[in-house]
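Here is a short briefing on charged side chains and their pairings. Look over the model below, then read on.

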Amino acid sequence: MGEMRPKALVVEDDAVTRTLLEQLLQSLDVEVDLAIDGEEALARLLAEDYHIILLDIMLPKMSGIEVMEALRRERPRMLGCVIVVTGLDIREIRSLFPSVHDTISKPVLPRRLREAVRSCLMRPHTSEATAVDERITPA
């Protein structure tokens, strides 16, 4: 039995950018789920474990900032899987959410995204251990 492929969630409302991010991840043999707004993203993030979360900030219904705030409350360890992809000031996002894995400016440079994804996949990730830790960590 082979190893499971890493799984990513791409949260992007722009169809062209969403397709580009999806194709880049697939080229790295990553299984990809898509969300077009913050509410859909949060529902998926609370229901499943992801190795990588590519998250835009300017989203309909719920911003990427609100998604990360909800993750900080509900599944804080998942913030370490987030790669923020945005046209906004990445320094400000870094100061608000220092535990996110990386921040990438738009327009996305494919080489930069591949580096961030590979780096994210290299860090230890065991979803079962994470789930146990989240249950025993005091709120």
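Buried means under 20% relative accessible area, exposed means over 50%, and partly exposed lies in between (1.4 Å probe, protein chains only). This is a predicted model: local features need pLDDT of at least 70, side-chain atom pairs count only at pLDDT 80 or more, and totals for chains, interfaces and linings use all residues. Residues are numbered from 1 along each chain as its sequence is written, and side-chain values use heavy atoms, leaving out hydrogens and water.

**Salt bridges overall**
- A salt bridge is a side-chain nitrogen of Lys or Arg within 4 Å of a carboxyl oxygen of Asp or Glu.
- The count comes to 13 salt bridges.
- One network of salt bridges links Lys 7, Glu 31, Asp 33, Glu 40, Arg 44 and Glu 48.

**Links between distant parts of the chain**
- Glu 48 pairs with Lys 7 in a salt bridge, with the closest N and O atoms 2.5 Å apart.
- This pair spans 41 residues, from the loop between helix 2 (38–47) and strand 3 (52–55) to strand 1 (residues 7–11); helices (H or I, at least four residues) and strands (E, at least two) are DSSP runs, numbered from the N terminus.
- Glu 48 is partly exposed at 27%, whereas Lys 7 is buried at 17%.
- Lys 106 forms a salt bridge with Asp 56, the closest N and O atoms lying 3.3 Å apart.
- Lys 106 and Asp 56 sit in two loops, 50 residues apart.
- Asp 56 is buried, at 4% relative accessibility, while Lys 106 is partly exposed at 28%.

**A pair within helix 2**
- Glu 40 and Arg 44 form a salt bridge, their closest N and O atoms 3.8 Å apart.
- They are separated by about one helical turn because they lie 4 residues apart in helix 2.
- Glu 40 is partly exposed at 29%, and Arg 44 is partly exposed at 27%.
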